[in-house]
Amino acid sequence: MGYDYALVHLKFNIPPAIALSFLCRPLLTRLDLYRISFLITIAVLYTIPWDSYLIRTKIWSYPQDVIIGPTLYDIPLEEVFFFVIQTYNTSLLYLLLSKTTLHPTYLRYEEKGDKWRYYKLFGQMALVLGFKRGLELLKQENEGTYMALILLWAIPILVLLWGLAYQFILGLPLTSTLLPIALPTLYLWVVDTMALQRGTWVIESGTKLGIHVWPHLEIEEAVFFLITNTLVVWGLIAFDNAVAILDAFPFHFPKVPALPSPVLLVRALLLPSAAYDSARIAGLQEAANRLSLKSRSFWVASGAFYGRLRVDLIMLYSYCRVADDLIDDAQSTDEAKTWVKKLSRFLDLCYESKVNDQNIGPLARFVVEQFPKNTHAALLQLPTNRLSPEPLYDLLKGFEMDLQFQKSDNDDSSYPIKTDDDLDLYCQYVAGTIGQLCLEHCFYHYPGKVSEAERKSLISAGGTMGKVLQTINIARDIEVDASLGRIYIPTAWLKKEKLTPAETIKMIKSGALRDSSKDSNAAFAERLDRLRMKLLDHAFVLYEESRPAIERLPTEFRASMRVTVESYVEIGRTMRRKGYVVKRGRATVPKWRRFFVAWKALSQ
Ligand SMILES: CC(C)=CCC/C(C)=C/CC/C(C)=C/CC/C(C)=C/[C@@H]1[C@@H](COP(=O)(O)OP(=O)(O)O)[C@]1(C)CC/C=C(\C)CC/C=C(\C)CCC=C(C)C
């Protein structure tokens with residue numbers, strides 16, 4: 001009896017497991033726990049007979065003085081624990097590295113003759129050749145035996161996983177495919193080298209090739225760790241591939257349980273890629289691209305949502321962004337007004353066709369004929385059937401308020417935001433509505449056991465939180481907005497600082513905030529800072545009012561909502577910090593800080 005093998009776990013395998021568990025705990029969903037448990041079970045059940053055979057046929061052995069004693073089918077318990085901990089560690093690393101990946105965007109519609117079909121075939125052939133080589137080595141009954149047994153044990157599963165999930169294995173970012181295999185493999189190579197050197201486990205001569213990757217690391221051991229980590233990561237990728245298919249195609253899978261059964265997962269993977277809805281995939285890719293390019297905070301926050309809810313929120317963002325950009329980028333007020341009218345007509349058609357879904361033709365025709373090509377998917381894939389129309393129409397009213405700035409043209413009395421009430425109304429239109437819409441999506445997917453009155457109260461708090469985010473947005477973008485001729489600080493507030501809207505815009509456009517050498521500029525910057533703080537104080541009063549509602553939300557989306565709110569509110573907190581200077585006209589929060597805020601919000 002000895003403790004050497006147990007000590008290897010204690011020193012090298014358990015510490016990374018603790019560190020990864022600590023990092024991943026807030027990010028793990030029920031679905032993640034389900035798949036890790038599923039994978040560990042398969043790994044243990046599949047490896048036991050093979051490992052037991054290796055030990056019984058003396059291909060490898062454990063000196064009695066390095067193991068504690070108990071065995072399972074001749075496998076020391078330390079070894080069985082290794083199957084569990086290796087699968088656990090590699091799985092957590094994969095989950096951590098692929099958290100923000102939006103898997104449905106990596107699905108590919110394939111036609112006959114598509115090059116991806118050749119990739120699939122090529123991979124399968126390479127694996128079959130590996131298997132054939134394994135058989136040859138086994139037949140020789142000599143030094144190649146251990147290598148042969150590794151290949152023959154692992155390749156059938158690799159062929160299966162490749163056949164089902166080659167699109168994701170090849171298409172996902174390398175941080176989700178290569179890195180989670182390479183990091184634990186290298187780590188285990190180093191640990192294994194030390195164990196072989198110390199004699200904690202021994203590979204008998206006669207059945208090994210005698211080739212070393214580096215001193216003391218046998219080629220068989222190196223291949224074993226590489227292959228087992230590949231099995232774990234490909235298993236997780238196949239799981240993600242199946243869930244992505246279930247999430248992306250409600251047409252094929254109308255109802256998906258929170259924890260899909262293995263049978264449903266396999267059914268999803270067996271759906272021929274020629275049956276994928278290519279327009280839906282392209283729309284989702286475009287929406288995800290738009291979100292990641294235009295809003296870092298919401299992109300990070302979207303990683304906290306999962307399944308169809310995440311897809312719907314991203315589609316909602318895409319619609320809002322497209323609508324906002326059409327109006328902001330218009331060459332004239334008239335053109336912008338035309339877009340508002342067209343968007344309003346679009347909503348009319350959406351809610352008319354909701355009554356009769358077959359009547360989608362006029363809607364699609366209207367969108368294709370009246371809107372630019374790059375907006376079609378965002379408009380046509382907005383899931384209006386689960387959103388009430390009022391907030392969507394109100395959003396357009398907010399855009400109309402923006403158009404009044406164009407008319408103002410240095411006439412202080414015609415700027416649209418004159419009082420606190422105007423500010424409140426504007427924020428309700430452009431952002432309160434978004435809070436309400438986000439919550440409508442959440443309640444559609446996870447109704448929870450919430451009464452109608454409570455649901456209404458939570459949606460209304462969501463509206464207030466939207467106003468908070470918009471007020472922070474205004475405080476952040478004072479300079480950017482002024483350069484577009486817009487000033488959202490109420491005229492009444494400006495007046496108290498002895499400023500007018502037109503004068504404020506003129507000063508900012510003249511670069512007064514960048515040149516503090518003149519006394520008048522420095523005094524102006526001070527006044528603007530006070531106004532910014534006033535906006536932020538106002539935002540944080542509303543924040544304190546609506547924040548507790550988050551903790552009353554159903555658990556399925558509570559933490560994700562907290563992340564969405566907190567990662568944006570952090571911009572406000574950053575600006576409120578003493579001595580903070582707004583750079584390049586915009587306050588920003590460093591990337592690492594956004595991730596930390598998101599992680600902290602999930603941990604609560
Ligand atoms: C996680 C995820 C993908 C969420 C999607 C959120 C979404 C649909 C946002 C729409 C964004 C948009 C383009 C709206 C048009 C009007 C507008 C410009 C509003 C401003 C957003 C900022 O967007 P921007 O792209 O400029 O972002 P950057 O600053 O450049 O990064 C707004 C500030 C409004 C955003 C408002 C919300 C997301 C609502 C917040 C409220 C909740 C999430 C509900 C909280 C729940 C309770 C119970 C309190």
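Because the model is predicted, local features need pLDDT of at least 70 and side-chain atom pairs count only at pLDDT 80 or more, whereas totals for chains, interfaces and linings use all residues. Residues are numbered from 1 along each chain as its sequence is written.

The protein chain has 24 helices and six strands, where helices (H or I, at least four residues) and strands (E, at least two) are DSSP runs numbered from the N terminus. Along the principal axes, the C-alpha atoms of the chain fill a box of roughly 95 × 60 × 45 Å. Of its 604 residues, 40% count as buried, a residue being buried if 20 or more other C-beta atoms, placed from the backbone, lie within 10 Å of its own.

Two packed helices are described by the angle between their axes and the distance between the axes. For helix H7 (residues 179–198) and helix H8 (residues 219–248), the angle is about 150 degrees and the axes are 9 Å apart; axes are lines fitted to C-alpha atoms over the stretch in contact, and angles run from 0 to 180 degrees between N-to-C directions. Residues of H7 including Pro180, Leu188 and Trp189 meet residues of H8, among them Ala222, Phe225 and Val233, with contact defined as C-beta atoms, placed from the backbone, within 7 Å. By class, this contact of H7 with H8 has nine nonpolar, three polar and two charged residues; here Ala, Val, Leu, Ile, Met, Phe, Trp, Tyr, Cys and Pro count as nonpolar, Asp, Glu, Lys and Arg as charged, and the others, Gly among them, as polar.

A nonpolar core is a set of buried Ala, Val, Leu, Ile, Met, Phe, Trp, Tyr and Cys residues joined through C-beta atoms within 7 Å. In the largest such core, of 144 residues, Ile150, Ala165, Trp234 and Ile472 touch the most other members, and H8 gives the most to this core, with 18 residues. Leaving aside neighbours within four places in sequence, Trp234 is in contact with Leu158, Leu161, Ala165 and Ile169. A second, separate core of seven residues includes Tyr5, Val8, Tyr62 and Ile67.

Around the ligand lie 35 residues, of which Ser295, Cys320, Ala431, Gly435 and Met465 come nearest; a residue is near if its C-beta atom, placed from the backbone, lies within 6 Å. This shell divides into 22 nonpolar, ten polar and three charged residues, and its largest share, eight residues, comes from H18.

Note on methods:
Two residues are in contact if their C-beta atoms, placed from the backbone, lie within 7 Å. A residue is buried if 20 or more other C-beta atoms lie within 10 Å of its own, exposed if 12 or fewer, and partly exposed in between; C-beta atoms are placed from the backbone.
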